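Okay, everyone, thanks for coming.

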Amino acid sequence: MKIIIIGAGQVGATLAENLASEDNDITVIDTNLTRLRELQDRLDIQTVEGSGSHPDVLDQAGCNDADMLIAVSNQDETNMIACQIAHTLFKTPTKIGRVRSSAYAKYPELFADQAIPMDVRISPEKEVTKHLSRLIRYPGALQVMEFADGKVQLVVVKAEKGGPLIDQPISFLKEHMPSIQTRIAAIYRDGKSISPDGNTHIHANDEVFFLTAQRDVLDVMSELRPLDVPYRRIIIAGGGNIGERLAQSLEKEYRVKIIERDPERCRYLSETLDNTIVLNGDASKQELLLEENIESTDVFCALTNNDEANIMSSMLAKVLGVRTVMTIINNPAYVDIVQEGMIDIAISPQQTTISSLLSYIRRGDVVNVHSMRKGAAEALEAVAHGDYRSSKVVGRSIANLNLPDGATIGAIVREDNMIVATGDLVIQAEDHVIIFVTNKKQIPAVEQLFQVGLTFF
């Protein structure tokens with residue numbers, strides 16, 4: 001596809017890197033020439049210096065024959081105007097825009113075709129909040145991803161001694177839990193992917209990816225590691241958009257406190273939130289954390305815009321006895337470093353945002369995408385359409401599909417039921433198929449598999 005990306009910041013640059021590696025024709029627009037040059041040195045892309053909200057800049061970038069415009073600059077207004085111009089002047093088929101301010105999000109009618117035509121609105125804050133909420137609801141999980149409107153979860157855990165499945169073959173799971181539908185989709189051991197089958201043994205410290213129904217997540221986790229005690233007490237460092245959203249989503253079920261430096265923001269939060277305690281102070285101050293009983297706190301979430309402040313306050317909280325630390329880190333270079341130390345879970349807003357974008361970019365009827373392992377792997381939910389003549393998957397058993405190396409079908413969702421994938425399972429029209437791809441280069445082959453032929457139309 002020919003795709004124009006507005007904004008060469010962390011999200012725009014990461015997105016360009018992801019899409020350029022898949023042979024798309026990418027043009028990036030930004031006012032910062034230095035950023036553009038850095039991107040062009042690394043990637044096979046075109047760049048245009050200028051504002052993405054200016055018609056002549058969009059014209060220079062080739063908007064007149066672009067398949068898609070993705071506006072992810074740091075300015076909501078730039079993104080909105082760019083989508084408007086792309087629609088009005090260039091008839092761009094698909095327009096995706098990042099809108100961060102909740103002041104705009106309150107009025108969805110603004111984004112209709114007759115107003116500001118934006119086919120898809122993405123909010124990094126919203127996506128990160130959902131990601132954090134799921135992690136808090138499943139203590140011990142490294143990542144929790146939803147498919148089929150939440151009916152199926154793909155959960156990542158680190159296997160630990162004490163789990164019944166440790167040093168046992170995967171087939172033992174079916175014997176031990178015959179009533180539960182679950183499938184281990186992938187294993188990473190010492191950073192390398194292993195394609196699991198029934199004879200594969202699970203080892204301690206393996207990173208295990210499993211699919212199951214939402215109601216069964218904790219039961220399957222208990223096979224791979226001793227279950228953690230549910231979280232109750234949460235401290236959030238940073239009362240910005242993400243901190244506010246997270247507190248709202250948790251305050252009815254958990255005891256939540258927010259620490260925020262800005263007195264005005266504290267006043268706003270105390271008026272907006274119902275059951276959250278709002279504290280004016282610095283989360284990197286030991287005295288404050290001790291006063292708030294950090295040693296008996298279950299989760300410390302560092303959610304400010306400053307990576308260094310997040311890292312330091314998280315390390316301090318861990319030293320003072322908090323159970324689990326979750327930290328937002330924008331700089332990709334920091335993520336691997338800190339996750340090997342005191343920080344339990346490092347969250348990249350860029351990767352979380354990329355996942356929400358990819359489902360609109362993938363060909364075939366791909367309705368859900370989750371990017372994993374820094375974009376090296378993906379889990380996709382694709383809907384099977386057509387019939388035996390027009391489709392490469394409908395009416396065929398999984399064993400007879402021409403799946404590329406590194407791609408595994410983990411499960412299908414038929415109506416409201418999850419069915420674990422087996423070789424003799426025949427895919428039917430309208431099945432939601434969940435595919436795990438460990439080699440990102442095979443994504444185009446998976447997309448082609450789920451595209452219907454002309455006879456379908």
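By a pair I mean Phe, Tyr or Trp rings (for Trp, the six-membered one) with centres within 6.5 Å; planes under 30 degrees apart are stacked, over 60 edge-to-face, and the rest tilted. Quick caveat: this is a predicted model, where local features need pLDDT of at least 70, side-chain atom pairs count only at pLDDT 80 or more, and totals for chains, interfaces and linings use all residues. Residues are numbered from 1 along each chain as its sequence is written, and side-chain values use heavy atoms, leaving out hydrogens and water.

Take Tyr 188 and Phe 209: their ring centres are 5.5 Å apart with planes at 55°, so that pair is tilted. Tyr 188 sits in strand β9 and Phe 209 in strand β11, so the pair ties together parts 21 residues apart in sequence. (Strands are DSSP runs of E, at least two residues; helices are H or I, at least four; both are numbered from the N terminus.)

Phe 209 also pairs with Phe 436, edge-to-face, at 5.1 Å centre to centre and 65° between the planes. Phe 436 is in strand β22, 227 residues from Phe 209. Together, Tyr 188, Phe 209 and Phe 436 make one aromatic cluster.

One last thing: the charged end of Arg 396 sits over the ring of Tyr 388, 3.9 Å from its centre. That label needs NZ of Lys or CZ of Arg within 6 Å of the ring centre and within 35 degrees of the ring normal.
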